[in-house]
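Me: Hi! Could you walk me through this model before I get lost in the viewer?

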Amino acid sequence: MDASAKAPVHLWVIGLLSLVWNGFGAYDYFMSKTENREYLAGMMEPTGVTVDAAIEYMNAMPLWANIGWGLGVWGAVAGSVLLLMRKRHAFHAFVASLIGLVLGMLHQWTNPMPGMTDTTTPMIFTLVIFAITLFLLWYSRRMTASGVLS
């Protein structure tokens, strides 16, 4: 398909849904990094972790885990925006996001948050994020190969 040709409807649907999905990740990142206690209370309450313990845990994260978290979140947002802009670099942004996600998963699974009573739900949610990231990576590569992204 010629890059100047009309983009398929599924590009706009997937692009917009991924931007909303990844936008929530950016919102979560921002609220966590700014230590918004009300937001953190709502997120942490079901897991059995106190807000103070969550903030202490995030502040103690090693640099590589923080870099991974940021790369995962902002790479995904960039990938979604680039997908909507029909740019082939969406693929590269999703690769960066996947690398960041793997680093974040490594930290979460080797250093679980102290006091967490429900470890299953966060693990399942992380696997869902991983599956969506892999799908977006595959999709952006496919759209590049078919000439939809230039």
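Reply: Happy to; we can go from the overall fold to a few helices and one serine. Bear in mind that this is a predicted model.

Me: Good to know. How many helices and strands are there in the chain?

Reply: The chain has 6 helices and 0 strands. Along the sequence the pattern reads α-α-α-α-α-α.

Me: And what does the C-alpha trace span along its principal axes?

Reply: About 55 × 25 × 25 Å. The accessible surface of the chain is about 8,400 Å², and 70% of that belongs to carbon and sulfur atoms.

Me: What share of the residues counts as buried?

Reply: Of the 150 residues in the chain, 40% count as buried. As for contacts with a separation of 6 or more, 75% of them are between residues 24 or more positions apart.

Me: Let's switch to α2 and α3. At what angle do their axes cross?

Reply: Roughly 100°, with the axes of α2 (residues 37-44) and α3 (residues 51-59) coming within 9 Å. Angles of 65 to 115 degrees count as roughly perpendicular, so α2 is roughly perpendicular to α3.

Me: Which residues meet there?

Reply: From α2 you have Arg37, Leu40, Ala41 and Met44, and they meet Val51, Asp52, Ala54, Ile55 and Met58 of α3. By class, this contact has 7 nonpolar, no polar and 2 charged residues.

Me: Nice. Which of the α6 residues are buried?

Reply: Thr126, Thr133, Leu136, Leu137, Tyr139, Ser140, Met143 and Thr144. The buried residues of α6 pack against α1 (9-33), α4 (63-84) and α5 (89-110).

Me: What is serine 140 in contact with, leaving aside its neighbours within four places in sequence?

Reply: Leu83, Ala90, Phe91, Phe94 and Leu149.

Me: Last one: what is the phi of the glycine that follows α6?

Reply: That is glycine 147, and its phi is positive, near 85°.

Terms used. Residues are numbered from 1 along each chain as its sequence is written. This is a predicted model: local features need pLDDT of at least 70, side-chain atom pairs count only at pLDDT 80 or more; totals for chains, interfaces and linings use all residues. Side-chain values use heavy atoms; hydrogens and water are left out. Axes are lines fitted to C-alpha atoms, for helices over the stretch in contact, and angles run from 0 to 180 degrees between N-to-C directions. Helices (H or I, at least four residues) and strands (E, at least two) are DSSP runs, numbered from the N terminus. Angles under 35 degrees count as roughly parallel, over 145 as roughly antiparallel, 65 to 115 as roughly perpendicular and the rest as oblique. Contact means heavy atoms within 4.5 Å. Ala, Val, Leu, Ile, Met, Phe, Trp, Tyr, Cys and Pro count as nonpolar, Asp, Glu, Lys and Arg as charged, and the others, Gly among them, as polar. Buried means under 20% relative accessible area, exposed over 50%, partly exposed in between (1.4 Å probe, protein chains only). Accessible areas come from the Shrake-Rupley method with a 1.4 Å probe; for residues, only the protein chains shown count as cover.
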